[in-house]
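Open the model in your viewer and keep the sequence panel beside it. We will go stop by stop, with something to select each time.

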Amino acid sequence: MLGGLAATGLLRRPPTTNFYRLQHMDGLFGGVAVQHGNNKPKSLHKTRRTWLPNIQTVTLFSPLLDRKLTLRVTARVLRTIDKKGGLDNYLLLTKDKNIASPLGLELKQKMLAKQKPTTTVQ
């Protein structure tokens, strides 16, 4: 009985959206992801909810690339950039697995290519 209704297209699920997928966004997120869980009020009636990361759009200057970059970053990564002394130091001194962003790794490769080699001849 259900097969006939599904075949005619009357029973369809609405399309799901991947709006909160951070993997598809360009930016520096530092491994932060969307979290899912339950609201649990005093009545103990659990309802599903989503916690989104604090993503900000900022413009940062890179002296090594000699240009301004408009990036989407989390507040945690922004504090880390400030602590390390700028965008260049953050990308160059942070391990690739902690950057966890295709855009961040691409910027790091550009910075390493532009960085002057420090070889000394004796």
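## A tour by selection

Start with Asp96. This is a predicted model, and in it Asp96 is partly exposed, with 40% relative accessible area. Asp96 sits in helix α4 (residues 96–99) and Lys108 in helix α5 (residues 102–114), so the pair ties together parts that are 12 residues apart in sequence.

Is Lys108 buried or exposed? Lys108 has 9% relative accessibility, so it counts as buried, the cut-off being under 20%.

Select Glu106 and Lys110. Both belong to helix α5 and stand four residues apart, about one turn of the helix. Check the cover on each. Glu106 is partly exposed at 44% relative accessibility. Lys110 is also partly exposed, at 37%. With this pair the count of salt bridges comes to two.

Select Ala100. Ala100 lies in the loop between α4 and α5. Check its backbone: phi is near 50°, a positive value in a residue other than glycine. Ala100 counts as partly exposed, with 45% relative accessibility.

**Next: over to the strands**

Select Leu44. Where is Leu44 found? Leu44 is in the loop between β1 (35–39) and β2 (47–51). Its phi is also positive, about 65°, although Leu44 is not a glycine. Show the side chain and the surface together. Leu44 is exposed, with a relative accessible area of 58%.

**Last: zoom out**

Clear the selection and color by secondary structure. How many helices and strands does the protein have? There are five helices and four strands. Trace the chain from the N terminus: the elements run α-β-β-β-β-α-α-α-α.

The accessible surface comes to about 9700 Å², and carbon and sulfur atoms account for 53% of that. Buried residues make up 25% of the 122 residues. Finish with contacts. Among those between residues at least 6 apart in sequence, 37% join residues at least 24 apart.

Notes
Residues numbered from 1 in each chain as written. Predicted model: local features only at pLDDT ≥ 70, side-chain atom pairs only at ≥ 80, totals over all residues. Heavy atoms only, no water. Salt bridge = Lys/Arg side-chain N within 4 Å of Asp/Glu carboxyl O. Helix = DSSP H or I, 4+ residues; strand = E, 2+ residues; numbered from the N terminus. Buried < 20%, exposed > 50% of the residue type's maximum accessible area, 1.4 Å probe, protein only. Contact = heavy atoms within 4.5 Å. Areas by Shrake-Rupley, 256 points an atom, 1.4 Å probe, with all protein chains shown as cover.
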